[in-house]
Amino acid sequence: MKICVMGTGYVGLVTAVCFADTGNEVTGYDIDRGKIEMLKRGEVPIYEPYLKEMLIRNLQLKRIFFTTDPEEALKDKEVVFIAVGTPSKKDGSPDLRHFWSAVREIKRFSRAGTIVVVKSTVPVGTSDMVQKKLGRNFKILSNPEFLKEGNAIEDFMRPDRVIIGGDDEKAIEVLRTLHLPYVRTGNPIIVMDRRSAEMTKYASNAMLAMRVSFINEIANICEKLGADVESVRKGVGSDKRIGARYLFPGTGYGGSCFPKDVQGLIAMAESKGYKPLLIKAIEEVNKRQKEILIKKAEAHFKNLKGKRFCIWGLSFKPNTDDMREAPSITVINGLLKKGAVITAYDPVAMENAKKIFKNKISFGNDMYSAAEGAEAVFLITEWQEFRLPDFKKLRRIMRTPVIFDGRNIYDPKELKKEGFIYYGIGRLA
């Protein structure tokens with residue numbers, strides 16, 4: 001099938017490469033000439049496991065192409081996916097400038113009967129507006145994405161579910177056929193109206209964000225009451241009605257999805273005169289949680305001015321270089337404001353971090369060089385290489401043996417045996 005994917009950001013690129021990998025002819029379109037030239041060479045602008053290898057393979061097999069020419073991208077395509085970014089504006093609502101620009105290009109260069117699939121995260125009702133702008137000759141479907149950064153290829157190839165929103169049976173059947181290679185394990189393709197499909201994306205991310213904020217709130221209460229959140233988490237998560245996923249306390253969530261979609265849902269609700277008290281609380285708890293390690297450091301050291309600290313982990317989660325809304329940014333800026341000196345290390349996100357912090361902080365060549373002479377290590381992102389450090393070596397090279405474990409990946413008792421002062425999130429030391 002001949003497919004165009006408009007937008008070569010995170011979602012667009014994964015979508016294009018995965019569809020090409022099942023034998024479709026895919027053209028990726030973007031206005032960023034530098035990015036397009038990079039992709040033509042088989043280079044990827046983001047870090048995502050297995051993505052580069054899949055891109056190179058499909059370039060060699062001539063199943064995927066890239067262009068900045070909208071006419072070349074859209075001409076004679078059977079299905080067009082709109083996968084451009086929709087970042088948040090100051091009021092929390094999504095910025096749809098690039099989205100509507102893509103719709104205008106489709107109207108100019110696509111043929112009548114083209115199936116247009118909205119994959120970008122957009123406000124409820126947007127796909128209906130696309131239908132009005134393009135007219136009845138185009139078949140408009142909503143097909144929200146549920147990709148987790150760091151696991152996006154697996155999520156696309158083995159989805160929990162595929163959501164299709166629309167009422168044109170022939171168009172729905174085409175999209176169903178495109179997804180059949182990925183759902184043979186029995187996970188469902190769920191068909192609904194377009195508005196419900198759009199809402200499903202917001203509701204899903206808000207629910208996951210709520211679980212994160214909930215367990216963080218519980219962890220903070222555990223500290224006050226002398227309970228251990230790790231035991232509480234296991235006890236709660238073993239309930240089949242609840243489950244254990246996304247019940248890991250820490251320094252809050254970040255990334256491009258949870259913050260943006262929670263804010264977008266709030267903005268949509270308030271635009272209709274509804275006060276979403278629970279959804280707003282999710283965001284407030286998360287903002288507070290990002291500062292919790294700063295408060296713990298102040299309680300321990302009293303005065304942070306001149307103290308040298310090491311930061312392990314900069315990306316908002318492991319297996320990505322994405323630093324959008326990353327808790328590390330809040331932690332580092334908060335420590336700098338108190339006069340601390342920062343050395344940081346991350347396996348893949350340091351180039352992005354250098355653009356954010358410039359010369360305000362320094363960077364280690366590895367986890368140990370970053371910790372040398374530090375008065376404390378702050379574990380922010382739970383990369384695998386941080387899980388089993390050489391604690392004897394770490395104790396030897398640090399100035400004072402203090403660890404602020406922002407992801408609860410260490411055993412407090414074991415660290416005490418190694419001579420460390422340990423602070424976790426809701427843990428009994």
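## Threonine 86 and its surroundings

Leaving aside residues up to four places away in sequence, threonine 86 touches Pro94, Asp95, Leu96, Ser120, Thr121, Val122 and Lys260. The model is a predicted one. Threonine 86 sits in the loop that runs between β4 (79–82) and α5 (97–109). With a relative accessible area of 4%, threonine 86 is buried, because buried means a value under 20%.

A polar atom of the threonine 86 side chain lies 2.7 Å from the backbone oxygen of threonine 121. The side chain of threonine 86 also makes a polar contact with the side chain of lysine 260, at 3.4 Å.

## Two residues with positive phi

Most residues other than glycine have a negative phi. Aspartate 76 has a positive phi, near 65°. This aspartate is placed in the loop between α4 (70–74) and β4. Its relative accessible area is 40%, so aspartate 76 is partly exposed, as values between 20% and 50% are.

Asparagine 319 is not a glycine either, and its phi is positive at about 65°. The loop that holds asparagine 319 lies between β9 (308–312) and α14 (327–337). Asparagine 319 has a relative accessibility of 33% and therefore counts as partly exposed.

## The chain as a whole

The protein chain contains 18 helices and 14 strands. Its radius of gyration is 23 Å, close to the 22 Å that the globule rule gives for 429 residues, so the chain is as compact as a globular protein of that length. Along the principal axes, the C-alpha atoms fill a box of roughly 70 × 45 × 40 Å.

Among contacts in the protein chain with a separation of 6 or more, 72% are between residues 24 or more positions apart. Of the 429 residues in the chain, 54% are buried, and threonine 86 is one of the buried residues.

## Surface and charge

The protein chain exposes about 20,100 Å², and carbon and sulfur atoms supply 52% of that area. The chain has 71 positive and 54 negative charges. The mean position of the positive charges and that of the negative charges are 3 Å apart.

Methods: Residues numbered from 1 in each chain as written. Predicted model: local features only at pLDDT ≥ 70, side-chain atom pairs only at ≥ 80, totals over all residues. Heavy atoms only, no water. Helix = DSSP H or I, 4+ residues; strand = E, 2+ residues; numbered from the N terminus. Rg over C-alpha atoms; globule rule 2.2 N^0.38 Å. Buried < 20%, exposed > 50% of the residue type's maximum accessible area, 1.4 Å probe, protein only. Contact = heavy atoms within 4.5 Å. Areas by Shrake-Rupley, 256 points an atom, 1.4 Å probe, with all protein chains shown as cover. Lys, Arg positive; Asp, Glu negative; His and termini not counted. Charge placed at Lys NZ, Arg CZ, Asp CG, Glu CD. Polar contact = N/O pair within 3.5 Å; in protein donor to acceptor, adjacent residues only side chain to side chain.
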